[in-house]
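This report covers one protein chain. Please look over the sequence and the structure before reading on.

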Amino acid sequence: MSASENLEICNLCNGKGLDLDDIAFPDTCPKCGGSGKVDWVEQIVGSPQQHKYNEWVDAASAALAKSIDREILNQLIESVRIPNGVLKGK
Ligand SMILES: [Zn+2]
């Protein structure tokens, strides 16, 4: 029995090897790395590259949330016109 016989169709991309439409980056499936197939252990617990991808998504979403918070705060500051000096302290 060869190793390829133990591979299953990746259930994240359905064997296409491409990323899901709603994930912009990267272009290959983060679970199977573009091969469309994974072994049964990876099918259940995810592959090492998928864990790396998930870590990247977590970090990127945290950074995005932070930048959006900053943008919203800046808009709030702009909208209420907090006088100069108030936020800077003395
Ligand atoms: Zn896949």
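## Helix α2

In this predicted model, helix α2 takes in residues 48–80, 33 residues in all. From its first C-alpha to its last, α2 reaches 48 Å. That is close to the 48 Å expected at 1.5 Å a residue.

How many of the 33 residues of α2 are buried? The number is one, so α2 lies largely in the open. Just after α2 comes R81. R81 takes a positive phi of about 50°.

## Chain layout

The protein chain holds two helices and two strands. Read from the N terminus, the order is β-β-α-α.

The chain has 90 residues, and 11% of them count as buried. Contacts between residues at least 6 apart in sequence give a further view of the chain. Of these, 27% join residues at least 24 apart.

## The nonpolar core

Which residues make up the largest nonpolar core? There are six: C10, L12, C13, C29, C32 and V38. In soluble globular proteins, nonpolar side chains tend to be buried together.

Leaving aside residues up to four places away in sequence, C10 touches G15, C29, K31, C32, G36, K37 and V38.

## The loop between β1 and β2

Strand β1 spans 7–9 and strand β2 spans 37–39. N14 is found in the loop between them. Its phi is positive, about 55°, although N14 is not a glycine. Most residues other than glycine have a negative phi.

Is N14 buried or exposed? N14 is exposed, because 12 other C-beta atoms lie within 10 Å, and a residue with 12 or fewer counts as exposed.

K16 also sits in the loop between β1 and β2. K16 is partly exposed, because it has 15 other C-beta atoms within 10 Å.

Conventions:
Residues numbered from 1 in each chain as written. Predicted model: local features only at pLDDT ≥ 70, side-chain atom pairs only at ≥ 80, totals over all residues. Helix = DSSP H or I, 4+ residues; strand = E, 2+ residues; numbered from the N terminus. Buried ≥ 20, exposed ≤ 12 C-beta atoms within 10 Å, placed from the backbone. Contact = placed C-beta atoms within 7 Å. Core = buried A, V, L, I, M, F, W, Y, C linked by C-beta atoms within 7 Å. Expected span 1.5 Å × (residues − 1).
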